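Hello,

Here is the structure I promised to hand over. Have a look at it first, and then read on for what I found in it.

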Amino acid sequence: MTRYQDVVNGLRRPRLLLSAVRYALGEYNRERVLRRVIGTIAAPLPRRTVPALLALEEMMDDARRSGDASYSAPRHIEALTALIGETRLLTAEAARDAADERERPVPDIPRSAVIR
């Protein structure tokens with residue numbers, strides 16, 4: 001598990017908000033959602049988007065908690081959906097990299113190179 005996964009798992013948000021996010025994750029489209037949420041033309045790597053999405057979601061949650069008139073629940077749902085979707089991609093990348101590392105053969109060391 002990545003440290004971002006730990007942060008996302010530790011988020012405490014209202015059940016209704018998370019229920020909407022779970023529903024939206026079923027049809028998560030990186031290019032479309034990231035273009036709207038963070039304004040990118042092409043979707044960058046998850047390791048670049050997750051920190052930006054965490055900061056954005058934190059600002060949205062602060063606006064929600066303070067009752068700010070500029071708060072938009074649909075935009076918050078979209079940001080949380082992107083955050084969770086990107087975190088899942090990042091976790092999958094980390095797992096794939098770890099599996100590749102385990103499968104990499106260990107080089108043979110010549111006996112003459114061994115120190116006794």
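Predicted model: local features only at pLDDT ≥ 70, side-chain atom pairs only at ≥ 80, totals over all residues.

A word on naming before we start: helices here are DSSP runs of H or I with at least four residues, numbered from the N terminus. With that in hand, the elements of the protein chain read α-α-α-α-α from the N terminus on.

The protein chain has 116 residues, and 32% of them are buried. If you take the contacts between residues at least 6 apart in sequence, 73% join residues at least 24 apart.

Now to the spot I would like to show you, which begins with E86. You will find E86 in helix α5, residues 73–103. Is E86 buried or exposed? Its relative accessibility is 0%, so E86 counts as buried, the cut-off being under 20%. The side chain of E86 takes part in a polar contact of 2.7 Å with the side chain of R30. The side chains of E86 and T49 are also joined by a polar contact, at 2.9 Å. Setting aside residues up to four places away in sequence, E86 touches Y28, R30, L34, P44, P46, T49, V50 and L53.

T49 itself belongs to helix α4, which covers residues 46–66. T49 has a relative accessible area of 1% and is therefore buried, again because that is under 20%. Which residues does T49 contact, apart from neighbours within four places in sequence? They are L34, I38, P44 and E86.

The axes of α3 (residues 30–38) and α4 come within 12 Å and cross at roughly 45°. That angle is why α3 counts as oblique to α4. The crossing of the two, α3 and α4, is left-handed. On the α3 side, R30, L34, V37 and I38 take part, and they meet P46, T49, L53 and L56 of α4. Sorted by type, the residues of this contact are 6 nonpolar, 1 polar and 1 charged.

For a contrast, turn to G26, in the loop between α2 (15–25) and α3. G26 has 66% relative accessibility, and therefore counts as exposed, for which the cut-off is over 50%. G26 and G85 are 59 residues apart in sequence, yet from C-alpha to C-alpha they are 9.7 Å apart in space.

If you open the model, I would begin with E86 and its polar contacts to R30 and T49, and then follow α4 to its crossing with α3.

Best wishes

How values were computed. Residues numbered from 1 in each chain as written. Heavy atoms only, no water. Buried < 20%, exposed > 50% of the residue type's maximum accessible area, 1.4 Å probe, protein only. Polar contact = N/O pair within 3.5 Å; in protein donor to acceptor, adjacent residues only side chain to side chain. Contact = heavy atoms within 4.5 Å. Axes fitted to C-alpha atoms, helices over the stretch in contact; angles between N-to-C directions. Parallel < 35°, antiparallel > 145°, perpendicular 65-115°, else oblique. Left-handed = near helix turned anticlockwise from the far one by under 90°. Nonpolar A, V, L, I, M, F, W, Y, C, P; charged D, E, K, R; others polar.
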